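Keep the structure open beside the text.

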Amino acid sequence: MKSRIPFLVVFLAASVALLAKDRKPNIVFLLADDQTFYSMGCYGNRDVKTPNMDRLARDGMIFDNHYDTTAICMASRANIMTGMFEYKAGCNFEHGDMRDSVWKKTYPMLLREAGYQTAFAGKFGFVVSRAGQRRGVLPEDDFDRWGGGPGQTSYVTAKNKSMAKYAKEYPHATRSYGAFGADFIRDASKGDKPFCLSISFKAPHRPTTPDPAFDHVYAGKKFTKPKNYGRQRGEHFALQSRQGRQYERFTSWGYSDRYDEVMAIYHQQIYAIDVALGMIRKALKTHGVADNTVVIYTSDNGFLCGSHGYGSKVLPYEEASRVPLIVFDPRHQNSGKKLRCRALTGNVDFAPTMLELAGVSVPKNMDGRSLLPLLDDPGA
């Protein structure tokens, strides 16, 4: 009998290891709005405070050449959901709402079909066109928990109908999404299903409305201008690019004469996202699911921030198209090694990545590719 005990211990340990390996991971997908790639400490910016983003970067992998495939909110969000380029998703301002047939093949729908609990909060960015309905609708019934809103949503939590219960404690919307995420993680961790939490922050999108709780963070701060700042650095751009609002916003939005003030507000909004990220990661640890939850952090598009004498985004230049990306898979052997990946990646890659993480077949219509091979070999 005694001789069987070591065998039994080894057998049980192996069984537990196999079960852990077969267990599908939870997924947390966090999307900022208009966050340029150089707005974090982990991307080399010494002027900013992004402790939680930097911690996530140390734990996971930084992608240095990640781009949106259309530098505007609505299209980028559709590209992310569908894994398809805009010309196939067919969804952007003045182009049309997302067709229901397209929506049914998005990552939230496919993950829910595969048994995932799904939740969404924040700015959804588009509506779904369905037969028999005169106008497009938000697909809130297609999620197990909903905290999303139409259009641009509001920085005032109380004005976001699905988030109103958080308004008293978190009157500014950014941290309310952190609270939503923490609550969903708490509840989902009690069940036996894996979960996918998607949060699309409104910040740092204009109108510039930072959380006053963080007014002290950048008070009086001087910011280093990028080397390509100003009109003189944009003289080689196409004449067509000077006809739109991006050109005049260099002056009307204050980059020309109030640079430090404008950037302090911009980064203060990002700081609030950083706090919300900390709330979500704390919840993952508190409720015992951190070791089996993949966290992805990125932005829908970048922001010109005065580079080349332009403001806003839309134009397919570097600062408008390049965005931060951090992927942390705590189960992966390369996690915690402070690795960076220089491969060219795009926002159409998120849907295939999340589907592969969940063991779900990637539909042939998707243009993106899974990022998981790059976690194995960041030099690939």
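Start with helix H2, which lies across S2, strand S8 (293–299) and S9. H2 runs at about 55° to S9. This is a predicted model.

Strand S2 (residues 61–67) and strand S9 (residues 325–328) pair in the antiparallel sense. Two bridges join S2 and S9. Methionine 61 stands opposite valine 327 in S9.

Step back to the sheet. Eight strands form an open sheet in the order S6-S4-S7-S1-S8-S9-S2-S10. The pairing is mixed. At the edges sit S6 and strand S10 (339–346), each pairing on one side only. Between neighbouring strands of this sheet the turn is 15° on average, direction ignored. Strands of a sheet pair through backbone hydrogen bonds, either parallel or antiparallel.

Strand S4 (residues 117–123) pairs with S6 in the parallel sense, over five bridges. Glycine 122 has glycine 148 of S6 as its bridge partner.

Return to H2 and follow its helix partner. Helix H2 (residues 51–59) and H9 cross at roughly 55°, and their axes come within 7 Å. An angle between 35 and 65 degrees counts as oblique, so H2 and H9 are oblique to each other. On the H2 side the contact involves Pro51, Asn52, Met53, Arg55, Leu56 and Asp59. H9 brings Ile270, Tyr271, Ile273, Asp274, Val275, Leu277, Gly278 and Arg281. By class, this contact of H2 with H9 has eight nonpolar, two polar and four charged residues.

H9 also packs with H7. Helix H7 (residues 173–188) and helix H9 (residues 259–286) have axes 8 Å apart, at an angle of about 10°. Angles under 35 degrees count as roughly parallel, so H7 and H9 are roughly parallel to each other. H7 contributes Thr174, Arg175, Gly178, Ala179, Gly181, Ala182 and Ile185. Among the H9 residues in this contact are Ala272, Ile273, Val275, Ala276 and Met279. The contact of H7 with H9 divides into 11 nonpolar, three polar and one charged residues.

Finish at helix H3 (residues 73–82). How many of its 10 residues are buried? The count is 10 of 10, so to speak a mostly covered helix. The buried residues include Arg77 and Asn79. Just after H3, glycine 83 takes a positive phi of about 75°.

Note on methods: Residues numbered from 1 in each chain as written. Predicted model: local features only at pLDDT ≥ 70, side-chain atom pairs only at ≥ 80, totals over all residues. Heavy atoms only, no water. Axes fitted to C-alpha atoms, helices over the stretch in contact; angles between N-to-C directions. Helix = DSSP H or I, 4+ residues; strand = E, 2+ residues; numbered from the N terminus. Parallel < 35°, antiparallel > 145°, perpendicular 65-115°, else oblique. Contact = heavy atoms within 4.5 Å. Nonpolar A, V, L, I, M, F, W, Y, C, P; charged D, E, K, R; others polar. Pairing = 2+ DSSP bridges. Buried < 20%, exposed > 50% of the residue type's maximum accessible area, 1.4 Å probe, protein only.
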